[in-house]
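Please examine the sequence and the three-dimensional structure shown below. The explanation that follows is intended to be read alongside them.

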Amino acid sequence: QVQLRESGGGLVQAGDSRKLSCVAFGRTVITNAMGWFRQAPGKERKFVTSINLSASSTYYADAVKGRFTLSRDNAKNTVYLQMRSLKPEATAVYYCAAGRTVNDRLTMSSASNFASWGQGTQVTVSS
């Protein structure tokens, strides 16, 4: 079982940047795709971004494209989510997830593809 631990959340001003990290422990994680989802208060969890094993393919939700960048360091079993130009609507709990690497955007953006989840880290963007 893969265990995931997120960090980097906090309170920021609109327009600021923030970097989230997710470290994976346990079973071999280097074979996994990694992703981030977020859940705003009273809303369903939504896809943010994901990356395949080799980092050759990265997928983004339209709402964050061009402002968020996902990267991974397999030697450290860590993924990084750099968020720029944050907007108040980005306020949510951000969850890191590990799943299967599939060369398909639809699958890589689906929560059902990710079997392991972290506890989440709160990001609050004030206007």
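The structure is a predicted model, and the values discussed here are computed from it. In soluble globular proteins, nonpolar side chains tend to be buried together. Here the largest nonpolar core comprises 33 residues. Leu-4, Met-34, Trp-36, Phe-68, Leu-81, Met-83 and Tyr-94 are those with the most contacts inside this core. Among the secondary structure elements, S9 gives the most to the core, contributing five residues.

When its neighbours within four places in sequence are set aside, Leu-4 is in contact with Cys-22, Val-23 and Ala-24, among others. Its contacts also include Met-34, itself listed with Leu-4 among the core residues with the most contacts. Further along the chain, Leu-4 touches Cys-96, Ala-97 and Ala-98, as well as Ser-116, Trp-117, Gly-118 and Gln-119.

Attention now turns to empty space. Rolling a probe the size of a water molecule over the atoms shows where empty space is left. The largest pocket holds about 270 Å³ of space, and 14 residues line it. Arg-38, Ala-40, Lys-46, Ala-63 and Glu-89 are the lining residues that lie nearest the centre of the pocket. By class, the lining consists of seven nonpolar, five charged and two polar residues. Strand S4 (33–39) and strand S5 (46–51) each supply at least two lining residues, and the largest share, three residues, comes from S5.

Two of the residues nearest the pocket centre, Ala-63 and Glu-89, may be considered together. They are 26 residues apart in sequence, while their C-alpha atoms are 9.8 Å apart in space. Glu-89 belongs to the loop between strand S8 (78–83) and strand S9 (92–99). Is Glu-89 buried or exposed? Its relative accessible area is 58%, and because the threshold for exposure is over 50%, Glu-89 counts as exposed.

Side chains of opposite charge can pair when their charged atoms come close. How many salt bridges does the count give? The count comes to one salt bridge. It joins the side chains of Lys-65 and Asp-62, with a nitrogen-to-oxygen distance of 3.3 Å. The two partners fall into separate accessibility classes: Lys-65 is partly exposed, with a relative accessible area of 48%, whereas Asp-62 is exposed, at 63%.

Backbone geometry provides a further point of interest. Most residues other than glycine have a negative phi, and most peptide bonds are trans. Ala-55 has a positive phi of about 70° although it is not a glycine. This residue is found in the loop between S5 and strand S6 (58–60), and Ala-55 is partly exposed at 35% relative accessibility. Ser-85 likewise is not a glycine and has a positive phi, of about 45°. Ser-85 is located in the loop between S8 and S9, the loop that also holds Glu-89. With a relative accessible area of 39%, Ser-85 is partly exposed.

Leu-106 and Tyr-59 are separated by 47 residues in sequence, and their C-alpha atoms are 9.4 Å apart.

How values were computed
Residues are numbered from 1 along each chain as its sequence is written. This is a predicted model: local features need pLDDT of at least 70, side-chain atom pairs count only at pLDDT 80 or more; totals for chains, interfaces and linings use all residues. Side-chain values use heavy atoms; hydrogens and water are left out. Helices (H or I, at least four residues) and strands (E, at least two) are DSSP runs, numbered from the N terminus. Buried means under 20% relative accessible area, exposed over 50%, partly exposed in between (1.4 Å probe, protein chains only). A salt bridge is a side-chain nitrogen of Lys or Arg within 4 Å of a carboxyl oxygen of Asp or Glu. On a 1 Å grid over the protein atoms alone, a cavity is a set of points where a 1.4 Å probe fits but cannot get out, and a pocket is an open set with protein on both sides within 12 Å along at least five of seven lines; lining residues have an atom within 4 Å of a point. Grid points are joined across faces, edges and corners, and a volume is the space filled by probe spheres set on the points. Ala, Val, Leu, Ile, Met, Phe, Trp, Tyr, Cys and Pro count as nonpolar, Asp, Glu, Lys and Arg as charged, and the others, Gly among them, as polar. A nonpolar core is a set of buried Ala, Val, Leu, Ile, Met, Phe, Trp, Tyr and Cys residues joined through side-chain atoms within 4.5 Å. Contact means heavy atoms within 4.5 Å.
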